[in-house]
Amino acid sequence: MLSPARLENAAPTAEPVDLDTVLADRVAMWESLAAEQYVTRDITGPPAGRVWAIPGALGQIMDNLLANALRVSPPSTTITLHRGPGSELHIIDQGPGMNAADHERAYDRFWRSGGAITLHPTPGTGLDTHIQLRPATPHFRERRPGGEDFSSRHSPGHRAQLGPAAG
């Protein structure tokens, strides 16, 4: 719990981060624990590419979400990590789901402005944790009528700044 709080208070700026690399690294890290619990992981969807995130925070968020999903997933189930359009990531488990009170408080303390994490029930049981990130598109110089250049106002620090998720 201290690590997320420290990261939250440090206020670093976002940088382009390769979501696919972070996702593959995090899934590999949790492989042995998942195997011990007879839970499989499945990565679906097209490659996402680079997104704006605070360095280290995206991996930490995924670790927290995967740890939670593994903790509640019964044997012989699958945790699906689905990459969706617009730099979306869904972490879907087949656990018991979450009651309304826990759902309301799940990310209160650990959220920073910028990206978004939402929780959705899945059909039957389980939880779909939806992470919406901002794509890190190539920088371009934006021109306004009259020729004023506003590109210097669009720094990575003003993009999605995703902080630690609840663990």
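Helix H4 is largely enclosed by the rest of the structure, because 13 of its 16 residues are buried, where buried means under 20% relative accessible area, exposed over 50% and partly exposed in between, with a 1.4 Å probe and protein chains only. H4 covers residues 57-72 and reaches 23 Å from its first C-alpha to its last, close to the 22 Å expected at 1.5 Å a residue, the expected span being 1.5 Å times one less than the number of residues. Helices (H or I, at least four residues) and strands (E, at least two) are DSSP runs numbered from the N terminus.

This is a predicted model, in which local features need pLDDT of at least 70 and side-chain atom pairs count only at pLDDT 80 or more, while totals for chains, interfaces and linings use all residues. Residues are numbered from 1 along each chain as its sequence is written, and side-chain values use heavy atoms, with hydrogens and water left out.

A search of the whole structure finds 2 salt bridges, each a side-chain nitrogen of Lys or Arg within 4 Å of a carboxyl oxygen of Asp or Glu. In one of them Asp63 pairs with Arg26, their closest N and O atoms being 2.8 Å apart; since Asp63 lies in helix H4 and Arg26 in helix H2, the pair ties together parts that are 37 residues apart in sequence. Arg26 is buried, with a relative accessible area of 18%, and beyond its neighbours within four places in sequence it is in contact with Gly59, Met62, Asp63 and Leu66, contact meaning heavy atoms within 4.5 Å.

Asp20 and Arg83 also meet through their side chains in a salt bridge, at 2.9 Å from N to O. This pair links distant parts of the chain, with Asp20 in helix H2 (residues 19-29) and Arg83 in strand E4 (residues 77-84), 63 residues apart, and both Asp20 and Arg83 are buried.
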